[in-house]
Amino acid sequence: MRNLTVAQQMVDVLRQAGVQRIYGVVGDSLNSVVDAVRRTDGIEWVHVRNEEAAAFAAAAEAQLTGRLAVCAGSCGPGNTHLIQGLYDAHRSGAPVLALASHIPSHQIGTGFFQETHPERLFVECSDYCEMISTPEQMPRVLRIAMQGALGNSAVSVLVIPGDVAHDEATRPTGTSDLVTERGRVVAPDGQVRALAERLNAARKVMLFCGAGVQDAHAEVMALAEKAAAPVGHTLRGKEWIQFDNAYDVGMSGLLGYGACFDAMHEADLVVLLGTDFPYNDFLPQARTVQIDHDAGRLGRRTVLELGVHGDVRETLRAVLPLIEAKRDRTYLDRMLHKHAKSLEKVVSAYTRDVERHTPIHPEYATSVLDELAADDAVFTVDTGMSNVWAARYLTPNGRRRVIGSFLHGTMANALPHAIGAQFAYPGRQVISMSGDGGLGMLMGELLTVKLHDLPVKTIVFNNSSLGMVKLEMLVEGLPDHETDHEPVDYAAIARSAGIEALRIERPGDVVEGLKRALAHDGPFLVDLVTDPNALSIPPHVSAAQVKGFAFAAGRTVLDGGVGKMLDLARANLRNLPRP
């Protein structure tokens with residue numbers, strides 16, 4: 001009979017909750033936990049190369065499955081590495097539990113080797129952060145942490161000194177049901193009637209959708225039909241609302257495209273559906289109503305004519321019988337035509353007649369990837385220009401998933417997200433759209449992919465540049481500086497790690513190269529050498545941004561970069577929206 005330590009009790013409770021793995025790096029203060037995992041059926045320790053990647057992997061698993069995912073870090077530097085991934089998980093609403101081990105309890109407060117104060121460090125990136133100081137706190141505190149993560153779609157952190165984890169458990173483990181299915185918030189009747197009144201009174205209604213429309217596609221389409229309303233979306237809303245959508249006018253924001261911005265600003269009434277869209281400058285700041293299950297988000301980004309506290313699906317089901325169908329589709333049809341024209345001239349500019357252009361246009365490569373990927377593929381996307389290409393060229397269908405650091409905006413998330421996604425769905429196609437900057441930052445996770453023989457397909461958009469930072473400098477009126485770096489052959493690095501790899505430098509090789517990678521039974525890396533001058537131009541360019549870009553261009557020319565700016569102009573001329 002095994003000795004029931006606090007660590008073993010912890011692992012037993014995690015198994016009761018359905019946890020199948022813990023992502024982390026082993027370390028002395030975690031030894032009792034790791035050994036308990038070794039001795040327990042149904043749960044495994046997933047060794048990664050950096051605890052930051054452990055937190056990203058857990059975040060991806062939690063977002064994709066809706067189940068609790070767990071990561072761990074040893075005392076001091078081990079668990080401080082978790083912070084970046086936990087910030088991302090917390091802001092993304094991923095139910096993640098982090099186990100942050102601590103120095104021996106009798107040494108706390110003495111300035112001991114590797115001493116930090118994790119119970120303070122993790123407060124800002126979690127909803128629940130507590131330290132287990134005595135065995136008597138277990139298993140109750142663990143269950144509180146797990147339920148908090150699941151109930152609030154947030155991060156919980158448990159800090160536990162290594163010696164306490166090794167102590168003998170004093171309380172019975174028992175069993176306790178975790179509530180995983182959440183109830184729906186039903187909007188008050190008065191708010192539903194007020195919403196109907198405004199929808200009926202407005203001549204031009206526009207719907208702007210976020211991730212909160214995840215299970216309300218049919219209801220949003222029904223409202224769009226009745227209200228003759230164009231439907232725009234955020235980046236996180238794209239995968240849930242753009243497919244099978246005859247009213248789609250694209251996306252707003254810095255990565256946006258199409259007629260979404262214009263439709264929103266021309267509307268008599270903008271309805272925000274399940275979105276906490278952070279870029280308030282893109283919102284009209286007037287004529288707006290908002291529906292959200294979290295009352296604390298209402299009015300956070302814009303002034304409101306009406307706030308409705310309710311689940312999007314249930315609220316729309318309640319209001320639809322009260323809506324009078326609009327016969328005048330002039331505004332809707334005009335926005336749809338404008339959107340189509342924008343797609344033809346802007347979004348599709350780099351995906352036609354580019355088979356002989358070198359370096360490879362990243363837009364073209366992404367459009368090919370979109371065509372070849374499986375209908376239920378999971379894409380993980382690095383922050384930066386990879387976000388742009390994914391937002392503009394990946395086609396949602398209701399089955400595909402796209403995971404990224406869309407709210408925290410950290411680099412290097414794509415590959416570790418892909419690791420968690422592949423563990424969650426071992427039989428599903430998982431594609432990491434990695435920027436070379438992001439991959440370089442956590443490149444050691446290629447070794448994690450190889451170690452566990454994960455069939456992740458890593459597509460590296462290798463432009464030897466931090467493209468998004470370059471664009472940010474230009475629109476601020478600054479010539480880009482320290483955004484470019486020496487070319488790196490990532491395919492050679494992957495092969496040296498034992499991963500099948502291919503470097504593609506000619507656009508004519510893109511199709512066959514991606515086909516080969518996606519068909520391979522195991523991990524594969526494709527190193528795409530792409531055009532560093534392919535920059536994103538948002539659908540709405542302010543006068544200040546144009547002035548800044550022109551000023552930066554002038555300064556670059558004066559600094560001797562004539563050819564550089566000429567290449568940039570040629571690469572992006574077709575992407576500039578016409579006045």
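Predicted model: local features only at pLDDT ≥ 70, side-chain atom pairs only at ≥ 80, totals over all residues.
The protein chain contains 24 helices and 19 strands. Of its 579 residues, 57% are buried. The chain exposes about 23,700 Å², of which carbon and sulfur atoms supply 51%. When contacts between residues at least 6 apart in sequence are considered, 73% of them join residues at least 24 apart.

In soluble globular proteins, nonpolar side chains tend to be buried together. The largest nonpolar core of the model comprises 47 residues, and the members that touch the most others are Tyr 23, Cys 71, Leu 86, Val 96, Phe 122, Val 157 and Leu 525. Helices and strands both contribute: two or more residues come from each of α3 (51-65), β3 (69-73), α5 (83-92), β4 (96-102), β6 (155-161), α17 (414-424), α19 (445-451) and α21 (490-496). The greatest contribution, seven residues, is made by α3.

Beyond its neighbours within four places in sequence, Leu 86 is in contact with Ala 55, Cys 71, Val 96, Ala 98, Phe 122, Cys 125, Val 155 and Val 157. Another core, of 36 residues, lies apart from the largest one and includes Cys 209, Val 289, Leu 306 and Leu 332.

Val 368 is located in helix α15, which spans residues 362-372. This residue counts as buried because its relative accessibility is 5%, and buried means under 20%. With residues up to four places away in sequence set aside, Val 368 touches Val 510, Val 511 and Leu 514. A distance of 9.0 Å separates the C-alpha atoms of Val 368 and Tyr 393, which are 25 residues apart along the chain.

Definitions and conventions:
Residues numbered from 1 in each chain as written. Heavy atoms only, no water. Core = buried A, V, L, I, M, F, W, Y, C linked by side-chain atoms within 4.5 Å. Buried < 20%, exposed > 50% of the residue type's maximum accessible area, 1.4 Å probe, protein only. Helix = DSSP H or I, 4+ residues; strand = E, 2+ residues; numbered from the N terminus. Contact = heavy atoms within 4.5 Å. Areas by Shrake-Rupley, 256 points an atom, 1.4 Å probe, with all protein chains shown as cover.
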